[in-house]
Amino acid sequence: MSHAGARNIYCVMGTVTFMGTVSHFSVRSPRASIAEDPVLRAANDAILEIGLGRLTLAEVARRAGVSRMTVYRRYDGLDRLVSALLVVEFSAVIAEAAERARSEVTARGRIVREVVHVTRRTAEHPLMRRILELDPEMLMPLVVDRLGSSHRMGLERLRVLIAAGHDDG
């Protein structure tokens, strides 16, 4: 498979779960979405400042300059908003890893480079670090207790890279 497959990572469609809720939405360009969506930007900023445990839709709405009803209409609740934010952020990490690994000649090299990059960036990611610092008990459900869109994107990217590895021999 050519490196063009990496571009497909930018498109997220499907089901996202967070703490037992289910959300259906799509994201076209992760970086553009958080930059263009004041609600996602406000949620991101609020988590970085006050943490996930103290986050409320009212706080996000206030920071975004919109009504709570607008946030509810767009995201249907706090869990779905946080899920959307995490999918946008971590799909950008996966896309960044794919882009950085493009220069690798073999699929094996791309797999190694992408996995190392995603692992490092996830560990360093400001949202992940802040949640771990302020609300560590909330991290486990986000990472382990569910198979969400971010996990599915990573698994799909690995599937593509492994298939390319088989083609490489």
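This is a tour of the structure above, one selection at a time.

**Before starting**

The model is predicted, so local features need pLDDT of at least 70 and side-chain atom pairs count only at pLDDT 80 or more, while totals for chains, interfaces and linings use all residues. Residues are numbered from 1 along each chain as its sequence is written, and side-chain values use heavy atoms, with hydrogens and water left out.

**Whole chain**

Show the protein as a cartoon. It has 9 helices and 2 strands; these are DSSP runs numbered from the N terminus, helices being H or I of at least four residues and strands E of at least two. The order from the N terminus is β-β-α-α-α-α-α-α-α-α-α. Of the 169 residues, 44% are buried. Buried means under 20% relative accessible area, exposed over 50%, and partly exposed in between, with a 1.4 Å probe and protein chains only. Among contacts (heavy atoms within 4.5 Å) between residues at least 6 apart in sequence, 63% join residues at least 24 apart.

**Select 78-100**

This is helix H5, with 23 residues. From first C-alpha to last it reaches 33 Å, close to the 33 Å expected at 1.5 Å a residue; the expected span is 1.5 Å times one less than the number of residues. H5 is mostly covered, with 17 of its 23 residues buried.

**Select Leu 40, Leu 52 and Leu 81**

These residues have the most contacts inside the largest nonpolar core, which has 29 residues. A nonpolar core is a set of buried Ala, Val, Leu, Ile, Met, Phe, Trp, Tyr and Cys residues joined through side-chain atoms within 4.5 Å. Two or more residues of this core come from each of H2, H3, H4, H5, H7 and helix H8 (136-143). H5 gives the largest share, 8 residues.

Stay on Leu 40, in helix H2 (residues 38-50). Leu 40 counts as buried because its relative accessible area is 3%. Its C-alpha is 8.4 Å from that of Val 60, 20 residues away in sequence. Now centre on Leu 81. Leaving out residues up to four places away in sequence, Leu 81 touches Val 39, Leu 40, Ala 43, Leu 57, Val 60, Val 71 and Tyr 75.

**Select 57-64**

In this helix, H3, the buried residues are Leu 57, Glu 59, Val 60, Ala 61 and Ala 64. Their cover includes H2, helix H4 (68-75) and H5.

**Select His 125**

His 125 sits in the loop between helix H6 (107-124) and helix H7 (126-134). His 125 counts as buried because its relative accessibility is 4%. Beyond residues up to four places away in sequence, His 125 touches Glu 89, Phe 90 and Val 93.

**Select Val 115, Leu 147, Leu 155, Leu 158 and Ile 162**

Switch to a surface view. These residues make a nonpolar surface patch of about 400 Å². Patches consist of residues with over 30% relative accessible area and no salt bridge, like charges being joined within 9 Å and nonpolar side chains (Val, Leu, Ile, Met, Phe, Trp, Tyr) within 5 Å. A salt bridge is a side-chain nitrogen of Lys or Arg within 4 Å of a carboxyl oxygen of Asp or Glu. Helix H9 (residues 149-168) gives the most to the patch, 3 residues. Ile 162 lies in H9 and is partly exposed, with a relative accessible area of 44%.

Notes
Accessible areas come from the Shrake-Rupley method with a 1.4 Å probe; for residues, only the protein chains shown count as cover.
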